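Subject: Structure for your review

Dear colleague,

Please find below the structure that I am handing over to you. My findings follow it, and I would be grateful if you would read them with the model open.

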Amino acid sequence: MNAAIVVSCEWLGGERWLTLEELAVAAGASPSFVRALWEEGLIEAGLIEAGAPRFEGMALERVRRMRRLMRDFEASFTAAAMMMELIDEIARLRRLLDRAGISWRDEP
């Protein structure tokens, strides 16, 4: 029996900037949802061109994460935004601990 493996890949690095609409399509979200994330400061525009925001590929993961939080936890936009802020803060604190040489991982 032959099996096929399908792999999907997205490269959004380098010099490529996404418009708000392109980011929404790539994330499977509406432009109004992406705009709300941007206006609330949950995603950052890497540059503003002709008055319109342009996003780096990193914003795509954040939009998708926000959608997952809302879906998986049946959270409101506000609750999911708080969760994202807490996740970001935990990551920041872990980086600080790593730099200080303090172990935060559970080790057997």
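I begin with Arg54, which is located in strand β3. Please note that the model is a predicted one. With a relative accessible area of 16%, Arg54 falls under the 20% limit and is therefore classed as buried. Beyond its neighbours within four places in sequence, Arg54 is in contact with Trp17, Leu18 and Thr19, and also with Ala45, Gly46, Leu47 and Glu49.

As to the overall arrangement, the chain has 4 helices and 3 strands. Read from the N terminus, these elements follow the order β-α-α-β-β-α-α. Of the 108 residues in the chain, 24% are buried. Among contacts with a separation of 6 or more, 48% are made by residues 24 or more positions apart.

In soluble globular proteins, nonpolar side chains tend to be buried together. In the present model, the largest nonpolar core has 21 residues, and the members that touch the most others are Leu23, Val34, Leu37, Ile43, Val63 and Met66. At least two residues of this core come from each of the helices α1 (20-27), α2 (31-39), α3 (58-72) and α4 (77-100). The greatest contribution is that of α3, which provides 5 residues.

Aromatic pairs

How many aromatic pairs does a search of the whole structure find? The search returns 2. In one of these pairs, the ring centres of Phe33 and Phe77 are 5.9 Å apart and the ring planes stand at 90°, so the geometry is edge-to-face. Because Phe33 belongs to helix α2 and Phe77 to helix α4, this pair ties together parts that lie 44 residues apart in sequence. Phe33 is buried, at 14% relative accessible area, whereas Phe77 is partly exposed, at 24%.

Trp38 and Phe55 also form a pair; their ring centres are 6.4 Å apart and their planes are at 90°, so this arrangement too is edge-to-face. Here Trp38 in helix α2 is linked with Phe55 in strand β3 (residues 52-55), across 17 residues of sequence. Trp38 is partly exposed, with 24% relative accessibility, while Phe55 is buried, with a relative accessible area of 0%.

Backbone points in the loops

Ala50 has a phi near 55°, a positive value in a residue other than glycine. Ala50 sits in the loop between β2 (47-49) and β3, and its relative accessible area of 84% is over the 50% limit, so Ala50 counts as exposed. Glu74 likewise has a positive phi, near 50°, and is not a glycine. The place of Glu74 is the loop between α3 and α4, and this residue is exposed as well, at 75% relative accessibility.

With kind regards

Note on methods. Residues are numbered from 1 along each chain as its sequence is written. This is a predicted model: local features need pLDDT of at least 70, side-chain atom pairs count only at pLDDT 80 or more; totals for chains, interfaces and linings use all residues. Side-chain values use heavy atoms; hydrogens and water are left out. A nonpolar core is a set of buried Ala, Val, Leu, Ile, Met, Phe, Trp, Tyr and Cys residues joined through side-chain atoms within 4.5 Å. Buried means under 20% relative accessible area, exposed over 50%, partly exposed in between (1.4 Å probe, protein chains only). Rings of Phe, Tyr and Trp (its six-membered ring) pair if their centres lie within 6.5 Å; planes under 30 degrees apart count as stacked, over 60 as edge-to-face and the rest as tilted. Contact means heavy atoms within 4.5 Å.
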